[in-house]
Amino acid sequence: MGCQFSTKGTMEKTAADILGNPDYLAISYGGYRYNTRDIQPTLEELKEDLKILAAMNIKVLRTYNLQFPHASNVIQAIRELKNEDPDFEMYVMLGAWMDCEHAWTEHPNHHAEDLENNTSEINKAVSLAKIYPDIVKIIAVGNEAMVKWAWSYYVQPGIILKWVNYLQNLKNKGELPKDLWITSSDNFASWGGGSEDYHVDDLNSLIKAVDFISMHTYPMHDTHYNPVFWNLSEDKKKNTKLEQIDALILKAKNYAVSQYDSVANYMKSLGVTKPIHIGETGWASVSAEQYGNEGSRATDEYKQGLYYQHMRDWTNSFGMSCFYFEAFDEPWKDALKPEGSENHFGLFTIEGKAKYALWDLVDQSVFKGLTRHGNPIKKTFNGNKDSLLKQVLVPKTESAMKQQNR
C-alpha cells in the first residue's frame, strides 16, 4: 500500500491509493455524442470532456471495452493533458469486454467463450497497461458478464476466472506492474449477493483471485422489477410532494446498501476479506418505458440528483469508490428510442448542460471557461427549480399499484 516514486521523482499513485479515497472521485465515462459508435469522439472532444470532469474533482474514469478506439483515445487524451499541465491528474479502470460463444445471436452458448474477441480484449488491455502504467491502474475483466439476465452474451464465472488468473500471473512474472489491480465489474447477484444458483466453486475462486470486487447496484431498475422499497405507504400521502420523494430516494439508497451487504456477507462466508467498490450505479433522468410517467414514475432530474448525492455521501463516508453511471448522456445506447432510459443516465446532457445533480457546482463557477460542443456549461431548465419540479411525479401508493396490477 502507499505511493511509489516514479522515474521523474514525483509521487505516483497506485490503485490502493486512489480507490476509496474521496479526493479521487470516480465515474463511468463514454464520450459518444451521436446515436452511433461509428462516429468516435475526437481527441479534442475527449479532452474537452476530461477538463469538465476534472473540474468536478473526478480523477478516476471507467471505460468498458477495447473493440473501438474510444478507450485508448481516452488514455491518450489524459496523457496529452498531463503533458500540457503537470498538475493534471486522472486515472483509468480499463474494461476488457467478455462475450460468450455466439454472443448477440439467437443461440448464445453460455458455457463457452468467444475466444477470439476475449483474447483480443485482454491483449489490448495488457498492452495499454504496459505503455501507460501512470494512467491505467485497474483492469476489469468483463462488464455484467456473469449475470444471467445478460442473456445475449453472459459467460460462466470460470471464463472470467481464467482471464483474471492470466493477468495476475503476468503481474507475478513482472510483465505487468505489481500494483495494477485486477477485478471484474458485475451485478451484485453475480458476486454472490443473489440466488444460490450463483454460488458455484468458480465464483468462490474468482472472489479470492481478484484484488477487489467491483459491484453494480441499480435501485432505479427495481422500481419496476422489484419495487419493495418504492411504492408509497398510505400514511405518507399527507406529506408534501418533495417529502414523499425524498423519503423514497432514501429508501432506494438503503436498498443499494442492502445489496452491498449481501455481497459483503457472502464474501465473509468464504473467509475472504478484501475491498468492495461500487463499479456502477446510476439513475436516469428520462424514460418513456416502465420507469417513466406511465410506469414507476422514477425518472426525472430531481430524483436523479437526490440519488447521486446519497450515493456520493454514503460511499465517501464508507471509504468506497463509486464509479457513478454516468458522466454524459450517450444517445447510441438506445438509438431508435430517443427517450429510452439508457440514453439519459448522464449527469450532463449531450450539449453539455448540467443536470440538477450538478447545479450547485455551476453556482460555484467550477466550470467557468469550459465548454462542450462549444457550449458553456449551464444548468438545465435555465436553473429554474419550479420548472423542473413540474415534471416530477410522485410514485403511486401501494394500494393504487395493486389496483393497477389487477
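Contact here means heavy atoms within 4.5 Å. The model discussed below is predicted.

Q: Among contacts in the protein chain between residues at least 6 apart in sequence, what percentage join residues at least 24 apart?
A: The protein chain holds 12 helices and 14 strands. Once the count is limited to contacts between residues at least 6 apart in sequence, the share that joins residues at least 24 apart is 73%.

Q: What radius of gyration does the protein chain have, given that a compact globule with 406 residues would be near 22 Å?
A: The C-alpha atoms fill a box of roughly 65 × 50 × 40 Å along the principal axes. The globule expectation for 406 residues is near 22 Å, and the chain agrees with it because its own radius of gyration is 21 Å.

Q: Is F229 buried or exposed?
A: F229 sits in the loop between helix 7 (219–225) and helix 8 (241–269). Leaving aside neighbours within four places in sequence, F229 has contacts that include P219, D222, L248 and Y255. A residue under 20% relative accessible area is classed as buried; F229 has 5% relative accessibility, so F229 counts as buried.

How values were computed:
Residues are numbered from 1 along each chain as its sequence is written. This is a predicted model: local features need pLDDT of at least 70, side-chain atom pairs count only at pLDDT 80 or more; totals for chains, interfaces and linings use all residues. Side-chain values use heavy atoms; hydrogens and water are left out. Helices (H or I, at least four residues) and strands (E, at least two) are DSSP runs, numbered from the N terminus. The radius of gyration is taken over C-alpha atoms; the globule rule is 2.2 Å times the number of residues to the power 0.38. Buried means under 20% relative accessible area, exposed over 50%, partly exposed in between (1.4 Å probe, protein chains only).
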